[in-house]
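Thank you all for coming; I would like to take you through a protein model that is new to this group.

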Amino acid sequence: MQLFAQVIIDISHQRIDHPFTYRIPETLREKVRIGDVVQVPFGKGNSLRRAYVLHITDNADVSSDKIKEIHSVLSVRESDTASVVTGRQIALAAWMQEQYGSTMASALKCVVTGERRGKGKEEKEIVLLLSEEEAKEALSLYEKKHQVARARLIRELIEAPRQPYSIITSKLHIPPATLRALKEQGVIEVRSFSRLRDPVSFTGASYALKTLSAAQQSIVDHVIADFDAGISSTSLIHGITGSGKTEVYISIIGKIVERKKSAIMLIPEIALTYQTLLRFYARFGNRVSVVNSSLSEAEKRDQFERALKREIDVIIGPRSALFTPFPNIGAILIDEEHETSYKNEQMPKYHAREVTMQLAKMHGAVVVLGSATPSVTSFDRARSGEYKLYTLQERPTGGSLAKVRIADMRRELQDGNRAILSRALSERIADRLAKKEQVMLFLNRRGYAAFVSCRECGYVAKCPHCEVALSHHRKKGKDVLRCHYCGYETAMMKICPDCGSKYIAGFRAGTEQIETFLREAYPSAKILRMDADTTAKKGEYERILSSFAAEEADILVGTQMIVKGHDFPKVTLVGVLLADLSLYAGDYTGAEKTFDLLTQAAGRAGRGGQEGEVIIQTYQPENYAIVHAAEQDYEGFYEEEIEYRRLLLYPPASHMLSVQFFSRSEDACLTRAGEVRQILEEEKTFSDLILIGPAAAGIVKIKDTYRYALYLKDAKYDTLVQCRKLIEEKLPPASGKEVLMQYDFDPVYAF
Ligand code: ADP
Ligand code: ZN
Ligand code: ZN
């Protein structure tokens, strides 16, 4: 058998998509691995070029007499750090392509940072060329001659022999003529260098590090012990907001840096606040940097360059910070690990947590995950022993959790209150307005929520097969209810099948209606609204938040945007207007997302020392996500949620693959999905595979494009990978209308 390698010759972005096949000679068989840097003959003259190994395969797609041979494998010593890093990135991209089913080009675009074009900012510095003794002699000479400017400069340079040019001229007011004269005498030199931009400047950032509590210290010790023992372990810190997780991260990173390794700290964009960054900059000074979406491409590349050159040890940022090209990663930490923003919504639809595991394995790094409401997946892995679990239960700064109360909206209706606000909530709003305290009202509205429920008894129309809420659609002038997973359809009911009430309908509440309602109910209150509409303009998001923080308004109404990451000490009341909306978004993660949002919302009340209060309005007061959120009992929630996942084989109890079809023609979508389904049905090797659908997506049509999905479930992730390969292999070219296909493994977003 012959072995072949697919390589890419040039890593400049344009050519990524064009791999070449080479034969691996017998002598190199044991040596060549994915990600290796090799030398290959290329072009007419067969000049040797550096190339990266993408794949190794036993069948070549080119006729074999045309294939050239790999010349040699470059050892780490022969190739420079940058190539080694690139090689590793390529190996990671190859892994992502395999796991998530994208093209190699899009996987590489995610991972490989590419070469920096253009230079950093030109800067000048002044360097003293004399020894200290000579300089002191010169100083006394200048003083004697009353050459004040020269004396001043020399005095500064004796303190620090290299100084930024701008400081010398603007702060010390040394005239250019003086500098010129001293340069000619060989006393100083002006050097230019190109400086990589540092995106934030925290000069003089001060934040006193805390002495860790025994519980905090024990986590740090265990993680570092794993690292020192060469165990690439994953630890999950389950700790309420304010329990000192960030302090633990900083301490772990400190110890990793002492060991001459780098660390990546992932924080969701929305939680990358000044306060948080300040703490990292205070500890790591100019050895830390940040990448976020407000940086330009060039600035981002500068940070990557600094990482590659080891000018920094720590990078902080959202999902994409994972691809910082550190030569030597010792730890990867993920704060708020349950956040869905860690999942990429474009191909490859990777989850940062899973890529982290792979990257950590490659580098022998330790992984630390932290959250107040861990994802069901991570907590399940911790329970099964795959992750190490640590708990932080106390707030070092004291302060208790807010008191949470549930308002049963069915009762409100029965008692004749048909308003948006329950009596309990409106009384308390009036009370807070009178006391000049602030109120946050949060409309739980994630994506679309077209489910139908009974206002009188709380009944929700669900799919009999999938246990997710059916959503309301108009179809040929008729109202129908449909399941997003299996396509089950039923006519919209006129009366509640459980209690016979006629108050059965969809929810159509928006923040704007609520604002209008509040203005009428509380005419003297100042109200701010924050949602996708009011924040469409750049800078508005920050403006609304800072206006509320400056107490220019009494009430802030908004969507989940207002829930995360912000502390307003004057807020003593938080109202959740319709807790039910996210429960029934039509996918299996509804309860998990609701629990998380309610916990976060509860965390907003009473941050300033005064006791906080939270009112959760719901038609489902007995729903376990709501009950446990009100009790702030994560484990109780987890126990019930994992049962549901096990019963219906949703992740993490099983793995799930959503094969998605996009086309301008609905028929073409369905035909293609049918073909895929048939391929999988005919294949008998996957005996436990479950096939569901095809079904229309939550929003069937976006911008004239129809969207359908087929769902596959299997206990083994690898089976789903094999299915994906089988589809790619067997699916005939589309006849007629074009259909775009995408894969989403273990989806966390409703499609
Ligand atoms: P989390 O990341 O879990 O929300 P933080 O690390 O931000 O928690 O800590 C919350 C607050 O408690 C911060 O003000 C922090 O300075 C303080 N804190 C954390 N650990 C300690 C400690 N060991 N001693 C005193 N204060 C602490
Ligand atoms: Zn009913
Ligand atoms: Zn269904």
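Predicted model: local features only at pLDDT ≥ 70, side-chain atom pairs only at ≥ 80, totals over all residues.

**A walk through the model**

Let me begin at one residue, Gln660, which, leaving aside its neighbours within four places in sequence, is in contact (heavy atoms within 4.5 Å) with Lys349, Tyr708, Ala709, Leu740, Met741, Gln742, Asp744 and Phe751. Gln660 is found in strand β28, residues 655–663, where helices (H or I, at least four residues) and strands (E, at least two) are DSSP runs, numbered from the N terminus. With a relative accessible area of 2%, Gln660 is buried, a word that stands for under 20% relative accessible area, while exposed stands for over 50% and partly exposed for what lies in between, using a 1.4 Å probe and protein chains only. Between Gln660 and His472, which are 188 residues apart in sequence, the C-alpha to C-alpha distance is 21 Å.

Residues are numbered from 1 along each chain as its sequence is written, chains are lettered from A and ligands numbered from 1 in the order in which they are written, and side-chain values use heavy atoms, with hydrogens and water left out.

Now to the chain as a whole. The protein chain has 22 helices and 31 strands, and its C-alpha atoms fill a box of roughly 100 × 80 × 50 Å along the principal axes. If we look at contacts between residues at least 6 apart in sequence, 74% of them join residues at least 24 apart.

The accessible surface comes to about 34200 Å², of which 49% belongs to carbon and sulfur atoms; such areas come from the Shrake-Rupley method with a 1.4 Å probe, and for residues only the protein chains shown count as cover.

How is the chain divided into domains? The assignment gives domain 1 (4–112), domain 2 (121–195), domain 3 (214–280 + 302–392), domain 4 (403–447 + 509–645), domain 5 (449–507) and domain 6 (655–745), with bounds that come from an automatic or database domain assignment. Taken over C-alpha atoms, the centres of domain 2 and domain 3 are separated by 45 Å.

Let me turn to the backbone. Most residues other than glycine have a negative phi, and most peptide bonds are trans. Against that background, the peptide bond from Met347 to Pro348 is cis, with omega near -5°, and Pro348 sits in the loop between β14 (329–335) and α11 (352–363). The peptide bond from Gly693 to Pro694 is also cis, with omega near 10°, and Pro694 is found in strand β29, residues 690–702. Lys260, although not a glycine, has a positive phi of about 65°; it lies in the loop between α8 (245–258) and β11 (262–266) and is exposed, at a relative accessible area of 62%.

Cys466, in turn, is placed in the loop between β19 (452–454) and β20 (471–475) and counts as buried at 5% relative accessibility. Beyond four places in sequence, the residues that Cys466 touches include Cys483, Cys486 and Tyr644.
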